[in-house]
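The sequence and structure follow.

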Amino acid sequence: MLQTLRNAWKLPDVRRKLIYVIVILLLYRIGTVIPVPYINATNFDATFGDTIFAYMDTLSGGSLSSATLFALGISPYITASIVMQLLAVAIPALERLSKEGEEGKKKINNITRYVTVALAIITAIGYYMLLANNGMLIKGAAKGESSYWFLYAVVIVVAFCAGAALVMWLGEKINENGIGNGISLILFANIIQSLPSVFIRLYETAVAGFGQSAGLGILGLVLALLVICALLAMTVFDVFVTGSERRIPVQYAKRVVGRKMYGGQNSNLPIQLNMSGVMPVIFASSIISLPATIMTLCGVTAKSKGFWGGFYRFMSPTGWFYPVILVVLIIAFAYFYITISFNPVEVSNNLKKNGGMIPGIRQGRPTAEYIAKILSKITLLGALFLSIIAVLPTIANPLVLTPILTAIWGEGNTALVQTLASSLTFGGTSILIVIGVALETARELEAQLTMRNYKGFLS
């Protein structure tokens, strides 16, 4: 990958595209630190650490918890894109548009922009109400505190919506003038920016341990090594599984067209092990975090007593139920996503039209059933891989990180221990997204070099 990047940098036009991407990402990072007026969200992490907002904060690069201009991040655009993908399957008019080539794609992109703005408005209003209900606005900005509260609300909501629209525009500019998928690269930058803080936390923990005793210092050092080794192991595992595929052999019959003979060659039909990508994890994480989020909005926390307090603790990531239901939802969504994105019948028909067949399998329906059977097995393996990546950090937090951090920092620093544990649990989902975007961008760079017949690419 590094060799590909060096070779690409030598080409003036590709270098300009790379510089353009870097400039856009720098502009985006500047927007993540521009504050929105009338907001003081210093207690955001302590209040919403176990809800979907913590996951959204990771996707926004920490902007959500800081309530900056890009607080909504790319979430409205991603949600709008997912909605459009699902509607393209359910609504015949959108399905026809998706099959009209470039012109149909432009129309769907325009509709996606409008849906993004609508979702940004709804999300911004909800975010304002969330901040207001938890005392994170300046005095007079919440409803009932002054006669001008509505003007405060309009300014805050408009700022958040403008930020979401600007993020969408920056992503599309990368698509037009840069290399790679703009939204994916912005998401990549958001996740990568939190990685240095992980190492800083590890260093601070080791120093704090040595400040108390040699034993606690060694314990903190062991924790740092465990976290680093876990990150490296998950990275290697992600790269291996992401590139894995099941290849179904295909033979093409010989046919004569005019005076020429075509076919008679052997090929294969590759089916990726993780064809659904990270989407099942995103769907599952959003669904499972929804109850805790709703209860938080209603004022229920982990310290609440009674039925709802117990239910909140039962649904929190520290309980046993959370990882179990997360695995079940990931598997279910993996099958659902494959069902709407891969059609074995259509693949079988295409093979039949081109004179192709799978050795030992008759053309038509038997081929479709054979492909569907293999796809079902591959999907299960891919879903189990996603489940392992998503659940390991969740299990490691209460079983490994929290006990060690409590021993180092003491029982009286519960809030600090929770903050450290959540920051050190650099999620497997985040690593999966980073690796996926990096590999996708590297493949596009290789395609750019191949189109220019750059000999250095093969060296």
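Which helix gives the most to the nonpolar patch? Helix H2 (residues 12–31) does, with six residues. Helices here are DSSP runs of H or I with at least four residues, strands are runs of E with at least two, and both are numbered from the N terminus.

The model is predicted: local features need pLDDT of at least 70, side-chain atom pairs count only at pLDDT 80 or more, and totals for chains, interfaces and linings use all residues. Residues are numbered from 1 along each chain as its sequence is written, and side-chain values use heavy atoms, with hydrogens and water left out.

**Overall composition**

The chain has 19 helices and five strands. Of its 459 residues, 43% count as buried, where buried means under 20% relative accessible area, exposed over 50%, and partly exposed in between (1.4 Å probe, protein chains only). Contacts (heavy atoms within 4.5 Å) with a separation of 6 or more come, for 71%, from residues 24 or more positions apart. The accessible surface is about 24300 Å², and 65% of this belongs to carbon and sulfur atoms. Areas come from the Shrake-Rupley method with a 1.4 Å probe; for residues, only the protein chains shown count as cover.

**Nonpolar patch**

The patch covers about 820 Å² and is made by Trp 9, Ile 19, Ile 22, Val 23, Leu 26, Leu 27, Ile 30, Val 33 and Ile 34. Patch residues have over 30% relative accessible area and no salt bridge; nonpolar side chains (Val, Leu, Ile, Met, Phe, Trp, Tyr) are joined within 5 Å and like charges within 9 Å. Ile 19 lies in helix H2 and is partly exposed, with a relative accessible area of 38%.

**Sheet**

Three strands form an open sheet in the order E4-E1-E5, with antiparallel pairing. Strands E4 (266–272) and E5 (356–357) are at the edges with a single partner strand each, so one side of each has no neighbour in the sheet. Two strands pair if DSSP finds at least two bridges between them; E1 (residues 245–252) and E4 are paired over seven bridges. Arg 247 has Pro 270 in E4 as its bridge partner.

**Salt bridges**

Side chains of opposite charge can pair when their charged atoms come close. With a salt bridge taken as a side-chain nitrogen of Lys or Arg within 4 Å of a carboxyl oxygen of Asp or Glu, the count is four. The table gives examples.

| Pair | N to O distance |
|---|---|
| Glu 172 and Arg 113 | 2.8 Å |
| Glu 176 and Lys 173 | 3.6 Å |
| Arg 247 and Glu 245 | 2.7 Å |

The salt bridge of Glu 172 with Arg 113 links distant parts of the chain, helix H9 and helix H8 (residues 102–133), 59 residues apart. Glu 172 is buried at 15% relative accessible area, whereas Arg 113 is partly exposed at 28%. Glu 176 and Lys 173 are three residues apart in helix H9, and therefore about one helical turn separates them. Glu 176 is exposed at 52% and Lys 173 partly exposed at 22%. Arg 247 is exposed at 53%, and Glu 245 is partly exposed at 35%.

**Confidence**

The predictor's confidence in each residue, pLDDT, runs from 0 to 100. The chain averages 80, and 88% of the residues score at least 70. Among the elements, helix H9 (residues 149–177) has the highest mean pLDDT (92) and helix H18 (residues 414–424) the lowest (61). Over residues 454–459 pLDDT stays under 50, and the model has twelve contacts for them beyond four places in sequence. Where pLDDT is low, the predicted coordinates should not be read in detail.
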